[in-house]
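Colleague: I would like to learn how to read a protein model. Could we go through it feature by feature?

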Amino acid sequence: MDTVTLRRAHLEDAEAILEIYAPYIRNTNITFEYEVPSLSEFRDRMAGIMEGYPYLICEIDGIAAGYAYAHRYKERAAYQWDAELSVYLREGCERRGIGQAFYTALMEILKEQHVRNVYGIVTSPNPPSEALHAAMGFRLAGVSLKTGYKLGKWIDVSCFERPLGDPDSPPEELLTVHQVPQERIAQILQAAERMVR
């Protein structure tokens, strides 16, 4: 039986994570980046996200099978309670429940941070990602038609959204991921880890 570990990523994981991400840049329109960033640039990106938000990695038998993170959705002050989620899986690691485990863990941690809305920005068509968002209770908020150009064609982008709390009550003070009790994060990750097949 495979040994599955779902944990918070460290900067030392940057090389393994970039190895997962690079084929998405080179071979797909799932990300709109054209050039694979250098390892130092990618590590700096990770560090910036980790200052405030959860950044997770899933290992199967010690090999990085995927990673996921949340980050600020939009920059203006009134958007501070919104977060965008991103998930990337190593080729061959699909259909094992990793994406669902990542989304579950991210949303539970973000609830602890008092985030109120989460978003998934998905190039379309992308049936696996669309199915994940539907399964996780997201609704399609809109589609931007032919909004990005990559690999010789124009690409649509869909926005999925889901509230994490009472949409009509005032928000609580937003916390960084470091202000959430670490034992609570550990509980969330252990529960989500069991979703991986």
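Colleague: How much space lies in the largest pocket?

Modeller: First, the general idea. The search uses a 1 Å grid over the protein atoms alone, and a pocket is an open set of points with protein on both sides within 12 Å along at least five of seven lines. Grid points are joined across faces, edges and corners, and the volume is the space filled by probe spheres set on the points. Here that space is about 1300 Å³. This is a predicted model, where local features need pLDDT of at least 70, side-chain atom pairs count only at pLDDT 80 or more, and totals for chains, interfaces and linings use all residues. Residues are numbered from 1 along each chain as its sequence is written, and side-chain values use heavy atoms, with hydrogens and water left out.

Colleague: Which residues lie nearest the centre of the largest pocket?

Modeller: A lining residue has an atom within 4 Å of a point. The largest pocket has 48 of them, and Tyr24, Ile30, Val87, Tyr88 and Asn126 lie nearest its centre. Elements giving two or more residues to this lining include H1, H2, strand E3 (63–72) and strand E4 (82–89). Helices (H or I, at least four residues) and strands (E, at least two) are DSSP runs, numbered from the N terminus.

Colleague: How does the lining divide by class?

Modeller: Ala, Val, Leu, Ile, Met, Phe, Trp, Tyr, Cys and Pro count as nonpolar; Asp, Glu, Lys and Arg count as charged; the others, Gly among them, count as polar. This lining has 26 nonpolar, twelve polar and ten charged residues.

Colleague: What describes two packed helices?

Modeller: The angle between their axes and the distance between the axes. Axes are lines fitted to C-alpha atoms, for helices over the stretch in contact, and angles run from 0 to 180 degrees between N-to-C directions. Helix H1 (residues 14–27) and helix H2 (residues 39–50) pack at about 100°, with axes 10 Å apart. H1 is therefore roughly perpendicular to H2, a label for angles of 65 to 115 degrees.

Colleague: Which residues make the contact?

Modeller: Contact means heavy atoms within 4.5 Å. H1 brings Ala14, Glu15, Ile17, Leu18 and Tyr21, while H2 brings Leu39, Phe42, Arg43, Arg45 and Met46. Seven of these residues are nonpolar, none are polar and three are charged.

Colleague: What is the strand order in the sheet?

Modeller: Two strands pair if DSSP finds at least two bridges between them. This open sheet of seven strands runs E1-E2-E3-E4-E5-E7-E6, with mixed pairing. Strand E1 (4–8) and strand E6 (139–150) are the edges, since each pairs on one side only. The twist averages 25° from one strand to the next.

Colleague: How many bridges join E5 to E7?

Modeller: Eight, and E5 runs antiparallel to strand E7 (residues 153–163). Val122 has Ser158 in E7 as its bridge partner. Eight bridges also join E6 to E7, again antiparallel. The hairpin of E6 and E7 has two residues between the strands, and Leu151 there takes a positive phi near 55°.

Colleague: Which strands does H1 lie across?

Modeller: Strand E2 (55–60), E3, E4 and E6; H1 runs at about 80° to E3. Helix H5 (residues 182–193) also packs on the sheet, touching E1 and E2.

Colleague: Where is the cis peptide bond?

Modeller: Look between Ser124 and Pro125, where omega is about 5°. Pro125 lies in the loop between E5 and H4.

Terms used: Parallel < 35°, antiparallel > 145°, perpendicular 65-115°, else oblique. 1 Å grid on protein atoms, 1.4 Å probe; cavity = no way out; pocket = protein on both sides within 12 Å on 5 of 7 lines; lining within 4 Å.
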